[in-house]
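Please look over this protein and its ligand. The report takes the ligand site, then the domains, then the salt bridges.

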Amino acid sequence: MLAREVVEELVQVLGRENVLTEQEDLLTYAYDATAALKHQKPDVVVSPISTEQVAEVVKIAQRHQVPIYPRGSGTNLSGGTVPIQGGIVLSMLNLNKILEFDQDNLTATVQPGVIIQTLNDEAAKHGLIYPPDPGTVTTATMGGSVSECSGGLRGLKYGVTKHYIMGLTIVLANGKVIRWGGKTVKNVTGYDLVALFTGAEGTLGIITEMIVKLIPAPETRKSVLGVFDNLDKAGNAIAAIIRNKIIPATLEIMDNVTIQTVEHFVHAGLPLTAEAVLLCEVDGYKEVVERESVLVERILKEEGAVEVKVAKNDQERDLLWLARRSALPALAQKRPTTVLEDATVPRSKIPEMLKIVRKVADKYNLQIATFGHAGDGNLHPTILTDVRDEDEMKRVHLAVDEIFHGAIALGGTLSGEHGIGVAKMDFLSLEFGEAGVEALKALKEALDPNYMLNPGKIVRRD
Ligand SMILES: Cc1cc2nc3c(=O)[nH]c(=O)nc-3n(C[C@H](O)[C@H](O)[C@H](O)COP(=O)(O)OP(=O)(O)OC[C@H]3O[C@@H](n4cnc5c(N)ncnc54)[C@H](O)[C@@H]3O)c2cc1C
């Protein structure tokens, strides 16, 4: 329970309208998009409108030793925003301005509460794009996605969030404000704190402004759908496309369970009996797109696709991508709980990873749908379950454990894009060893010695 005095100090800095303490208001902040995690209400939710106000909130929290949990839209999938120790939730949604578009340097300067799609809509007016596009592009904030280092559908050709972050303004745990990086393409002055804070999940500092890189929008694009009656063949086709030196903007996979569920949800004309579909989009100059799409079509056939469809127009294309983007919401309708993983492997190991997921599903008698960013080696095995079924949940935990072990054994990683949060912190030593976990803790304790910022995430206090 927070002392009345703390709330009064927060009200003095932010105004009463930006400080929530009513129980029904707090409930909204007790959870995020992560399934099967314990909910926890904060004691207070505050909504600052400037870097200075964020710094003041941090100073109040330090004085009274109250934990702070930064929050954007709460769509993360690793429990990153759940205030597990109560305290202050710092909602960044009111810091929502695009401050500048710089067409000479191809950058935008934005506040953390800006929604990714809003930035992209604005960029489009200038013939530019901000490529990172998680499935939640229309709801997730820039601050949240930088803090998770979100990936998304265009990672294969364009990379992920960290490749587009050039400068950050950060409020440190001691309330001091630092600015790192900027608009220069090159910058090797000091340690690379921009890289360190990107993907730090709000555990090292609070981002209040960011300079992002924009790139020219591709002239055109073409989508190709490959239908497979065999999951292995689909897996092999992914490597074959890349081996042929085509780097599609997007190369996604959906297995049979996903196809069936999505088709009933959006009616995109997906083949219900297919074992898997690959959805590939090439983009760029018209001539290149024509050449590459023909090549992709040929490779898919050579690799055993039973059918290959090329979207004839934007309407057909949009429907295919709607189907892919609907995978998780559609699957979420099948059972009460969807445990979505993002174990990631080198893309050449995709066929092996698909086999591991299948074996695990059989072994633990679970329904697991797999879809994901196959070209990045980033699969999303999604366990359809019910958190109220204790016996099944035990099997779910064992299955997740085995999927993580499988990915690491193939030279992969625990998380390609969803972060560690609370959900995966117990597995970190599997990937880094104890010495690696100690190094993470040393960083945390150097920047946040009292574990005030998003405590209980990524690393645990001894
Ligand atoms: C249906 C669905 C599809 C998704 N698809 C993808 C996908 O394709 N690719 C992908 O990478 N992710 C995906 N995600 C995960 C999620 O949407 C992204 O991680 C998203 O970028 C998070 O943004 P947010 O605003 O919701 O952040 P939040 O969930 O609010 O916060 C995320 C983390 O950042 C911290 N944080 C928030 N703001 C700040 C700040 N200003 N300073 C410091 N720390 C901060 C929080 O404490 C938390 O740890 C998906 C999620 C769902 C539910």
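The notes below start with how the model was made and read.

This is a predicted model, where local features need pLDDT of at least 70, side-chain atom pairs count only at pLDDT 80 or more, and totals for chains, interfaces and linings use all residues. Residues are numbered from 1 along each chain as its sequence is written, and side-chain values use heavy atoms, with hydrogens and water left out.

**Ligand site**

The ligand is surrounded by 36 residues, each with a heavy atom within 4 Å of it. Pro-70, Gly-72, Thr-75, Thr-136 and Thr-141 are the closest.

| Residue | Protein atom | Distance to a ligand oxygen |
|---|---|---|
| Ser-73 | backbone N or O | 2.9 Å |
| Gly-135 | backbone N or O | 3.0 Å |
| Thr-141 | side-chain N or O | 2.6 Å |

Alone, the ligand exposes 990 Å², and the protein buries 94% of that. These areas come from the Shrake-Rupley method with a 1.4 Å probe.

By type, the shell holds ten nonpolar, 22 polar and four charged residues. Here Ala, Val, Leu, Ile, Met, Phe, Trp, Tyr, Cys and Pro count as nonpolar, Asp, Glu, Lys and Arg as charged, and the others, Gly among them, as polar. Strand 3 (68–71), helix 5 (142–148) and strand 10 (205–213) each give the shell at least two residues. Helix 5 supplies the largest share, five residues. Helices (H or I, at least four residues) and strands (E, at least two) are DSSP runs, numbered from the N terminus.

**Domains**

The protein is divided into domain 1 (4–91), domain 2 (98–216), domain 3 (220–329), domain 4 (335–409) and domain 5 (434–462). The bounds come from an automatic or database domain assignment. Domain 1 and domain 2 each place at least three residues in the ligand shell. The centres of domain 1 and domain 3, taken over C-alpha atoms, are 42 Å apart.

An unreviewed UniProt entry lists residues 38–217 as "domain: FAD-binding PCMH-type". That stretch is 22% helix and 26% strand.

**Salt bridges**

The structure holds 28 salt bridges, each a side-chain nitrogen of Lys or Arg within 4 Å of a carboxyl oxygen of Asp or Glu. One of them joins Lys-183 and Glu-100 at 2.7 Å, N to O. Lys-183 sits in the loop between strand 9 (177–181) and helix 7 (193–197), and Glu-100 lies in strand 5 (residues 98–102), 83 residues apart.

Terms used:
Polar contact = N/O pair within 3.5 Å; in protein donor to acceptor, adjacent residues only side chain to side chain. UniProt positions renumbered as here; feature names shortened; annotations may be inferred.
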